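Q: I would like to learn how to read a structural model feature by feature. Could we take the general idea of each term and then the case at hand?

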Amino acid sequence: TMRIATIIQQGDEVAAIRTHAGYVSLPQVNNACHTQFPTDLLMLLQSSKLDDLKAWYDGDGKPSLADMPVEQNVTFGPLYRYPGRIWGIGLNYLAHAGDLSETLPDKYPGSFIKSSTTVIGPGEMIEIPTLSERTTAEAELGVVIGRTCKDVAKDNWLDAVAGFTTIIDMTAEDILRLNPRYLTLCKNFDTFFVFGPELVTPDEVPDVMGLQISTVINGKDHASNVVSAMAFPPDHLVSFHSQIMTMQPGDVISTGTPGAGAISDGDVVTCKIDGFASLTSPVKDLKKP
């Protein structure tokens, strides 16, 4: 049962394990315990060393960490800056399809790809682009892929998963309404994917289907729903997307939102998921001086 964040230490973004008292960075762990774990979370996933880290943590790790100095007031980076692929899932809840007056996709998930240039970390500024008059923010549960896999059986989906995280996704909704072909364009402005602060390993989440996800704007719940209300739940999404393309460690599936809220300059957006550290970022409208 391990939670990993990426924190900023001396200007570097390094992976860190959460303890009850704070965070201990992997460079500290390597120094103190003579281990050689990759200190970058994406490298940890790509080198298949996350399982080794978990095994160390469940064995010698917990007592060793208890003796190390911790950081409490950390600045988080995104889990990592350069996911290979981000799959976003559109209209995965009936209620959200209603927001956009669209029909719920029924045969396959309504998927789109986002670029790593959209990624920012917790507390970094979400920017409403000059091209958009109506941009929305959406809280989502993120599924992080942990190994190279193809044609994953639905029953074995968790074997492919490194963990879960909180995500705030954005849409330039006015652009999308002009033409459904603009989906890729309206999802890929810079800052349109807030990613972090913690990767929560699957053993920490006994009931994925029971998780409640809330889009919170300026402290008010804008929309909430449970994972079990998704048209295509996470087991289906992992299995299905692995039939389309070979999934790689560090790929992310952002599983869709219970509801999108229009955002304005000065707003603060939060993704809240049961039992997870919440994710919050402020909003700046680039059209404002």
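A: Let us begin with burial: a residue is called buried under 20% relative accessible area, exposed over 50%, and partly exposed in between, with a 1.4 Å probe and protein chains only as cover. Gln10, with a relative accessibility of 76%, therefore counts as exposed. This is a predicted model, in which local features need pLDDT of at least 70 and side-chain atom pairs count only at pLDDT 80 or more, while totals for chains, interfaces and linings use all residues. Residues are numbered from 1 along each chain as its sequence is written, and side-chain values use heavy atoms, with hydrogens and water left out.

Q: What does a contact mean, and what share of the contacts with a separation of 6 or more comes from residues 24 or more positions apart?

A: Contact means heavy atoms within 4.5 Å, and residues 24 or more positions apart account for 75% of the contacts with a separation of 6 or more. Gly121, in the loop between strand S6 (119-120) and strand S7 (126-128), is buried at 0% relative accessibility. Leaving aside residues up to four places away in sequence, Gly121 touches Gly77, Pro78, Arg81, Val194, Phe195 and Ser281.

Q: Which residues of helix H7 are buried, and what do they pack against?

A: An α-helix has 3.6 residues a turn, so residues three or four places apart point the same way. In helix H7 (residues 234-244), the buried residues are Pro234, Leu237, Val238, Ser239, Phe240, His241 and Ser242. They pack against strand S4 (86-90), strand S5 (110-114), strand S8 (135-145), strand S9 (161-172) and strand S14 (252-254).

Q: How is a salt bridge defined, and how many are there?

A: A salt bridge is a side-chain nitrogen of Lys or Arg within 4 Å of a carboxyl oxygen of Asp or Glu, and by this rule the count comes to 14. In one of them, the side chains of Glu198 and Arg18 meet at 2.8 Å, N to O. Glu198 lies in strand S11 and Arg18 in strand S2, so the pair ties together parts that are 180 residues apart in sequence. Glu198 is buried at 2% relative accessibility, whereas Arg18 is partly exposed at 34%; together with Arg3 and Glu204, these two residues are linked in a network of salt bridges.

Q: Which residue forms a salt bridge with Lys114, and is Lys114 buried or exposed?

A: Asp169 forms that salt bridge, the closest N and O atoms being 2.5 Å apart. Asp169 lies in strand S9 and Lys114 in strand S5, so the pair ties together parts that are 55 residues apart in sequence. Lys114 is buried, with a relative accessible area of 3%, and Asp169 is likewise buried, at 1%.

Q: What is a disulfide, and how many does the structure hold?

A: A disulfide is a covalent bond between the sulfur atoms of two cysteines; the working cut-off is a pair of cysteine sulfur atoms within 2.5 Å. The structure holds zero disulfides. Cys186 is in none, as the nearest cysteine sulfur, that of Cys271, is 19 Å away, and Cys186 is buried with a relative accessible area of 0%.

Methods: Helices (H or I, at least four residues) and strands (E, at least two) are DSSP runs, numbered from the N terminus.
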